[in-house]
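Here's a quick walk through how two protein chains meet. Have a look at the model first, then read on.

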Amino acid sequence: MEKRLNELSINQKGKVTDIYGQQELIKKFLDMGIIRGTEIEVVKVAPLGDPIDIKIRGYHLSLRRNEAVNISVMVLNKEERI
Amino acid sequence: MKKIKINVALAGNPNSGKSTIFNNITGARQHVGNYPGVTVEKKEGKVDFKGYELNIIDLPGTYGLSAYSEDEVVARDFIIKEKPDVIVHIVDSSNLERNLYLGTQLMELDIPLVFVMNMSDMAEKNRQFIDYKKLSDLLGTAVIPTVGNKNLGTDKILDTIVKIYEGKMKIKMVEVDYGSEINEEIIKITSIIKREKDLISLYPLNWLVIKVLENDPEVMSIVNSYATASEVIAQKDKSRQHLYLHFGDNIETIIADRRYGFVSGACLECLKITVEERHNLSDRIDKVILNRVLGLPIFAMVMYLIFKFTFTFSEPMVGWFESFFELLSSLAVKYIPDGLVQSFVVDGLIGGVGGVLGFFPLVLFMFFAIAFFEDSGYMARAAFVMDRIMSKFGLHGKSFLPMMISTNGCAVPGIMATRTLSNKRDRLITMMVTPFMICGAKLPIFALFIGAFFSAEYGADIMFIMYILSVIIAFVSAWVLKKLVFQGETSHFVMELPPYRLPSFTGLLLKMWERGRLYLKKAGTIIVVISIMIWAGFTFPIKEAPDSLTDEAAASFQIEESYAGRIGKFIESVVRPIGMDWRGGVALIAGVAAKEVVVSTLGTIYSLGEVDAEAPDSLKEVLQKDKFWNPLKAVAFLMFSLIYLPCFVAMAVFYRESGSSIKWTFFLIFWTSVMAWGAAFIVYQGGTLLGIGV
């Protein structure tokens, strides 16, 4: 199932299928290692609900929800209850 | 004999331990400055090694080398224009993939490149084992494992640099293979650009071509000034179109994909991960620190700690400076005869230098505290916790700290604290609104007027409302600036949350000292000069007061006749609509020297002689009895004091921190004046209309 990154819940994993947005944002994503095929796991959500903390290529990256909406992912696992 | 100089640039991702390596190499022989015209810090240091003098430049930490952020432009411009002899790429070994991505771009710059695998112990601890020999073969250059915080491998880095410089170590850089489709287009563009002999003597050819293909705005503007520009652009557009049709994706993405492909390939061969740890120590700490319930209270606590540390612990040092300058003043009064020279030395010179040094301990202590939380990895988390609120107003999660340091504290270290922000827009907006907070020096003005015109039971409430107002004004102001002034300039929050680390004490001390020194050197000189100018404005022209006047009345007479007094009278028509006469105007002008001076100047104007800003009881009574003032005018005056120009020390620091931008400094002056006048106007005229407080 394909979703936008901001729609993933905590502990859900996805594989990047596409990135959108302004050139500058795309470039930033690329620099940080978000390209097609990269695996992303949503680790945490900030106490106020935004931004989110994701794990990618073995490190943690935070981004705002309105930035995460520009990344579409193929969901890899079902939502886990915590 | 003069030593041969080798220029070395340190490049690397943020949080790769680059600064630690830099400190290890240069020790105390380093200094921090600013790159001209930008807000980016420039760190340079020297070390003597095997008969050479190595000049080390610590480039800003970046993840890539595109033209979108100031940091990246500074880093790549330095490499391309200054052409260092060797580039040292500092890599966080425990995060090989993303770090080496920068390396693939450094490889294209035609300068000998050395890879330093820093924090190699951390990698092993995480059960990631790197085959350095194999990696070195794959990359075609030296690969040196180091442990920065234990100072392991530092000599090996220096040794390698010298060997490469002497030609004793041959390196044969590999290049990323972009695939035949892209390579064909690269060849086409190369054949055109090659004809521009001047151009390719200035820039590495390979790099130029790839940047043209990527449609890099900076490189395109360089290419544009050459004869073949139209040909290059035509070919570029054709190539991009062709590749887009072929790959169904834009070329930047494909190039990044190839680079990551190269890195992944290298990692696959050289990196063995035995057990992938699900939750390391950092993750477990974050479970608490970023916890939904505990996250905000912990944030508040850390902010409080930084504030407390900055202002409480620096107090004794501030006290020493104060007593020292008081002693100097009393000596000057004793040994220099009464008159102009004495006044110049005491009020102009000692006042100015004392003013600079008075803030110095604050700057030092604050940078120590900030450096601690920055290096430990918490600052990124603090931004993560606060960003939701701040971003609504065009600010960044990290904007909170400068504003908080300013509240009840001081805008000078507050403005300097914006150094934690890396995006230029975020940084300028934060710098612009930080002075709106009620700093410690504004408190005496509030105490005086609230004490004089309101009964004690409402005093605290009014003070509280003022605090709330200052926050609202700062936030609304940030929002307006975002919408009007910085329209179209974006900022993002794509930010690494680095693993927690224990900061090194020497690293913290160096950071503190270098930034403190920067304050003294850069802002200090401006501050002394302006302090003398303000002194002159209140002292000249010297008018002989009639003999009938008492000393206090003579002082008041002198202010009225001085240039500052004349300006006050001149602007009376401007301040009348906000409920002030020339006396208020002059006091506010004097307040630009330091906000608490508003109180002492009012004292002098009302012929009270020296009034203690901390306990102005006599002044309170005079204001109460003066028919001119009423509670409404007092509130309008407070509104104006709350918002108008920051003191000139803060303005000097603003000027320096904005990249020595006269434009932005004047904008700050304009912005705060207009806002202050508008707010006071609304209060005074609105109150008069409604008949409140008159």
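Let's start with a pair of residues that sit across the chain boundary: A:Ser62 has B:Met495, in strand E10 of chain B, as its bridge partner. Strands here are DSSP runs (E) of at least two residues and helices are runs (H or I) of at least four, numbered from the N terminus; two strands pair if DSSP finds at least two bridges between them.

Some housekeeping: this is a predicted model, where local features need pLDDT of at least 70 and side-chain atom pairs need 80 or more, while totals for chains, interfaces and linings use all residues. Residues are numbered from 1 along each chain as its sequence is written, chains are lettered from A and ligands numbered from 1 in written order, and side-chain values use heavy atoms, without hydrogens or water.

Within chain A, strand E2 (residues 13–19) has two antiparallel partners:

| Partner of E2(A) | Bridges | One facing pair |
|---|---|---|
| E3(A), residues 39–45 | three bridges | A:Lys13 and A:Glu41 |
| E6(A), residues 71–75 | five bridges | A:Gly14 and A:Val75 |

Now for the interface as a whole. How many residues of each chain are in contact? The answer is 34 from chain A and 44 from chain B, with contact meaning heavy atoms within 4.5 Å. Together the chains bury about 3,700 Å², and carbon and sulfur atoms give 54% of that. Buried area is the accessible area (1.4 Å probe) lost on putting two parts together, summed over both. On the chain A side, A:Pro47, A:Leu48 and A:Arg64 supply 18% of the area buried against chain B, more than any other three residues.

H1(A) gives the most to the side of chain A that touches chain B, nine residues. That side divides into 15 nonpolar, six polar and 13 charged residues, with Ala, Val, Leu, Ile, Met, Phe, Trp, Tyr, Cys and Pro as nonpolar, Asp, Glu, Lys and Arg as charged, and the others, including Gly, as polar.
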